[in-house]
Amino acid sequence: MPRILLVDDDQLVSTTLLMTLENQGHDVVVCNDGRAALEWLQQDAAFDAMITDILMPDMDGLELIRAVRVLAPALHIIAMSGGGRRGNQDFLQFAEAFGADAALAKPFGSETLLATLQQVLARPRPG
């Protein structure tokens, strides 16, 4: 099963997504910010996909996506956002422009997450 790097600073969201992914047999590593995710990727790049929130402290998801495209260009990336004050559509469009393979507007259901992950993993690796 695919190995997933999950990045979200909201513990409730990350726990819910972790349970959803693990229930499908995925191997999941959870990080609560972009810097921690980059550290994981520098030490262990054996991930098939990264699912990242956009709005996070320290290093936001847009910065993370740009850095990952340099560090691990073949990694599939799914961005997600609840939007904050500006609304999630702007952030999600930026995420795709920065290299995300797919974008999900929060809230979304587990079926949507799993279907999007399956679609992304079925594509040829970017880069």
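Which residues does threonine 116 touch, not counting residues up to four places away in sequence? I looked this up in a predicted model. The partners are Ile78, Ala102 and Leu104.

**Entry 1: threonine 116**

I placed the residue in its element next. Threonine 116 belongs to helix α5, which spans residues 110-122. Is threonine 116 buried or exposed? I found a relative accessible area of 11%. The cut-off for buried is under 20%, so threonine 116 counts as buried.

**Entry 2: helix α2**

I moved on to α2, residues 34-43. Its buried residues are Gly34, Ala37, Leu38 and Leu41. Viewed down the axis of α2, these buried residues fall within an arc of 100 degrees, so they line one face of the helix. I checked what covers them. The cover includes β1 (3-7), β2 (27-31) and α3 (61-71). I also looked at the start of α2. There, a side-chain oxygen of aspartate 33 comes within 3.0 Å of the backbone nitrogen of arginine 35.

**Entry 3: α2 against α3**

Two packed helices are described by the angle between their axes and the distance between the axes. I looked up both values for this pair. The axes of α2 and α3 come within 10 Å and cross at roughly 10 degrees. Angles under 35 degrees count as roughly parallel, and α2 and α3 are therefore roughly parallel to each other. Which residues make the contact? From α2 I noted Gly34, Ala37, Leu38, Leu41 and Gln42. From α3 I noted Leu64, Ala67, Val68 and Leu71.

**Entry 4: the nonpolar cores**

In soluble globular proteins, nonpolar side chains tend to be buried together. I searched this model for such groups. How many residues does the largest nonpolar core have? I got 23. Leu5, Met50, Leu64 and Val68 have the most contacts inside this core. At least two core residues come from each of β1, β2, α2, α3, β4 (76-81) and α4 (88-98). The element that gives the most is α3, with four residues.

Leucine 64 touches Val7, Gly34, Ala37, Leu38, Met50, Thr52 and Met59, not counting residues up to four places away in sequence. Another core lies apart from the largest one. This other core has 14 residues, including Leu17, Leu21, Ala49 and Ile51.

Conventions. Residues numbered from 1 in each chain as written. Predicted model: local features only at pLDDT ≥ 70, side-chain atom pairs only at ≥ 80, totals over all residues. Heavy atoms only, no water. Buried < 20%, exposed > 50% of the residue type's maximum accessible area, 1.4 Å probe, protein only. Contact = heavy atoms within 4.5 Å. Arc of directions from axis to C-beta. Polar contact = N/O pair within 3.5 Å; in protein donor to acceptor, adjacent residues only side chain to side chain. Core = buried A, V, L, I, M, F, W, Y, C linked by side-chain atoms within 4.5 Å. Axes fitted to C-alpha atoms, helices over the stretch in contact; angles between N-to-C directions. Parallel < 35°, antiparallel > 145°, perpendicular 65-115°, else oblique.
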